[in-house]
Amino acid sequence: MRSEPIYDGDDFYCDVAIPRAVPLEVVHEDDLVLAYHHTRPFWQVHLVAVPKRHIASFTTIGATDEADVRALLAVVRRLAREVEDEHGAAAVLTNLGAYQDSKHLHVHVHSGAQLRV
């Protein structure tokens, strides 16, 4: 199992993932979006996709975020299709408020048994 470094900030993506402060198993990267295998997976298949530009949350998306969100959703759609095709099922999830550990919009694509609570 992959191991996530101890991190006590509030934006893992801006601080660690996007600048590659730790090695990541990247499945997609372009100018706007980074997607990779979660560093501490909750499910057997667990990918995370994140806009490279800081957007705090799904509920804070504004007009100036349109290009980033469109690019993010296109990547999430492709990853979800690939996971569904390979594993027979996929779920797409984003967390909000107190459920959102990292205060940066990110979307999980997952499938299979839950590995931890």
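## Strand pairing

Five residues lie between strand 2 and strand 3, which together form a hairpin; strands here are DSSP runs of E with at least two residues, numbered from the N terminus, and two of them pair if DSSP finds at least two bridges between them. The model is a predicted one, in which local features need pLDDT of at least 70 and side-chain atom pairs count only at pLDDT 80 or more, whereas totals for chains, interfaces and linings use all residues. Residues are numbered from 1 along each chain as its sequence is written, and side-chain values use heavy atoms, with hydrogens and water left out.

Strand 2 and strand 3 (residues 43-51) are antiparallel and share five bridges, while strand 1 (residues 26-29) runs antiparallel to strand 2 and is joined to it by three bridges, with a hairpin of three residues linking strand 1 to strand 2. Ala35 of strand 2 is the bridge partner of His28, and Ala35 also has Ala49 in strand 3 as a bridge partner.

## Burial of strand 2

Strand 2 (residues 33-37) is mostly covered, five of its five residues being buried, where buried means under 20% relative accessible area, exposed over 50% and partly exposed in between, for a 1.4 Å probe and protein chains only.

## Aromatic pairs

The structure holds two aromatic pairs, a pair being rings of Phe, Tyr and Trp (its six-membered ring) with centres within 6.5 Å, and planes under 30 degrees apart counting as stacked, over 60 as edge-to-face and the rest as tilted. The Phe12 and Tyr13 pair is edge-to-face because the ring planes stand at 90 degrees, with the centres 5.7 Å apart. Phe12 is buried at a relative accessible area of 6%, and Tyr13 is buried at 5% relative accessibility.

The rings of Phe42 and Trp43 have centres 5.9 Å apart and planes at 45 degrees, so this pair is tilted. Phe42 is partly exposed, with a relative accessible area of 22%, whereas Trp43 counts as buried at 15% relative accessibility.

Methods: Helix = DSSP H or I, 4+ residues; strand = E, 2+ residues; numbered from the N terminus.
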